[in-house]
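The structure is shown first, and the description follows.

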Amino acid sequence: MAESMRGLKRSHRCTEVSGANIGEQVTVMGWVQRRRNLGSLIFIDLRDRSGLLQIVFDEPQVGAEGFAKAGTLRSEYVIAVEGIIQKRSAAVNENLKTGDIEVIARSLRILSESETPPFPIEENSQTKDEIRLKYRYLDLRRPDIQRNLMLRSKVAYLMREFMAKEGFVEIETPVLTKSTPEGARDYLVPSRVHPGSFYALPQSPQLFKQLLMCSGYDRYFQITKCFRDEDLRADRQPEFTQADMELSFVDVDDVLDVNERLLQYVFKEAIGVDVQIPLQRMPWQEAMDRFGSDKPDTRFGMELQDVSQVVKGCEFGVFTTALENGGSVRGICVPGKGDMGRKQIDKLVDLAKTYGAKGLAYIQLKADGTVKSSFSKFFTEEGLQELIGAMGGKAGDLLLFAADKNKVVWDVLGALRLHMAKEMDLLDPNQYNFLWVTEFPLLEWSDEENRYKAMHHPFTMPMEEDWDKIDSDPGAVRAKAYDIVLNGTELGGGSVRIHQNDIQEKMFEVLGFTQEQAWDQFGFLLNAFRYGVPPHAGLAYGLDRMVMHMVQADSIRDVIAFPKVKDASDLMCEAPGMVDEKQLKELGLAIDLPEQGE
């Protein structure tokens, strides 16, 4: 039967005691990790969020009743123990922070009993994710998950501390706001008092932080929840935490400077990593040409090579057709993989097809000096050797080629580059390569909508030197936009914002908005811009992604207390769920679900 805590007060967490406390009486509380009954002695490993502490129950010390009670303890019982710290009588456990001491129990209270958990509460659990997430309150007891969440808390504190010292004001922005469909899908919330109308949960505080600049707050900061109704992956959740900022009277260099110092401070204080600043900067075009990605992992080489000029006169139709259609032929050199088997190469071909390729051309430079190629019959011996030379290939290497529109080529080779790096164990998790990717295209063409869309959002400032191309060649206009990338992951992004009415109006026109549509969606911002707007810029980090890299987790779910799974559901509380008819009537809603099979 559970006992009361009356008269007891915890004096220490489990690892807050040490050899310096020998001889002192302490009161510790926590969960039973393990019990070992040796007959005359019972040993308990007591666990709390700080770690483990060994408790020894000896009948002469704890009394017959206490000793008998200790014999009933099971894993995950919650107990309180009063006792004396002493040096361990048995061998020291060097793997534990408290491995040289133990508590000789004088009294025991069982505060709560526990059923047998559905999985062991231990580090690096091999339990299936579905079970862990269904019982997330148990999973959260695991020491590795607890360390992750405590580090996350420390990162948030360090960010707030740094930003406060830099003169930023922390201001909360609304969670119930207006839907602005330009971007990812919104989560909608029906209004009871305005039947037929809906709020949207914010995808970001973008418009509100720009309004705060109009209001003169000059430097704004917020750690806030954001929501996007999009497909999930390892580093994406439907609700996520953003560390958001906006600054007035600044340009690109000012934003990058304060953020480099922020990253340097947080990574040093949180995990002891020295970030060398200034960080490397790379224009978007260079990143795509060299790495096939706008978030390149620069921890390894295997960079893309453009061989379009080398192969332009060949007889291989795949290459020539791509060039005739305005595309390119590019390749990567995979060192040491020239003797790869046919089945392995076929898997690479299949992977390339998932990224839009029709196929994958290759040259195997075998270790014995022989050359095997999927397209050698279309090349002269001299032409093939020229191509190998252009790729920097040598005996033992594997050369992989893609030929198509640039976007397809970049996607395919960028994915193959990362795939091979993982296969070859080239990704050092203890190496932190930061990179600013800058000068993004302002616009990107959507075949689906047959119009240009903003690559970031409609309020991004174009680079002044490109603005004269906005009518003649909109796709060539670069933006004052920047992403911060770490080891192939976009940690955050931002831009200088448009603050001139004429540029903003033109931007809406290029995006296909009528003046009426622009004012309908963004009227409250455009109205504010009529009353004096300072030049301003900002940036937002995905806090979850940042902490995921800091703790070297494979999934973002390991740094979020209560995450969703791939279909955006919560296995623990079974959300989303149906609501009763009364609630729907109050909201003026009727549910029209498609019949099965439709």
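## The second largest pocket

In this predicted model, the second largest pocket has a volume of about 640 Å³. Its lining is made up of 21 residues, and those that lie nearest the centre of the pocket are Tyr187, Leu188, Pro190, Pro576 and Gly577.

Strand β7, which covers residues 188–190, supplies the largest share of the lining of this second largest pocket, namely three residues. By residue class, the lining of the second largest pocket divides into 17 nonpolar residues, one polar residue and three charged residues.

## The cavity

The structure holds one cavity of 30 Å³ or more, and the space in the largest cavity comes to about 30 Å³. The residues that line the largest cavity are Leu133, Arg136, Phe562, Pro563, Asp570 and Met572, a lining that divides into four nonpolar and two charged residues, with no polar residue.

## A nonpolar patch on the surface

On the surface, Met578, Ile591 and Leu593 form a nonpolar patch, and together these residues have about 390 Å² of accessible area.

Is Ile591 buried or exposed? Ile591 counts as exposed because its relative accessibility is 52%, and the cut-off for that class is over 50%.

Technical notes
Residues are numbered from 1 along each chain as its sequence is written. This is a predicted model: local features need pLDDT of at least 70, side-chain atom pairs count only at pLDDT 80 or more; totals for chains, interfaces and linings use all residues. Side-chain values use heavy atoms; hydrogens and water are left out. Patches are made of residues with over 30% relative accessible area and no salt bridge: like charges are joined within 9 Å, nonpolar side chains (Val, Leu, Ile, Met, Phe, Trp, Tyr) within 5 Å. Accessible areas come from the Shrake-Rupley method with a 1.4 Å probe; for residues, only the protein chains shown count as cover. A salt bridge is a side-chain nitrogen of Lys or Arg within 4 Å of a carboxyl oxygen of Asp or Glu. Buried means under 20% relative accessible area, exposed over 50%, partly exposed in between (1.4 Å probe, protein chains only). On a 1 Å grid over the protein atoms alone, a cavity is a set of points where a 1.4 Å probe fits but cannot get out, and a pocket is an open set with protein on both sides within 12 Å along at least five of seven lines; lining residues have an atom within 4 Å of a point. Grid points are joined across faces, edges and corners, and a volume is the space filled by probe spheres set on the points. Helices (H or I, at least four residues) and strands (E, at least two) are DSSP runs, numbered from the N terminus. Ala, Val, Leu, Ile, Met, Phe, Trp, Tyr, Cys and Pro count as nonpolar, Asp, Glu, Lys and Arg as charged, and the others, Gly among them, as polar.
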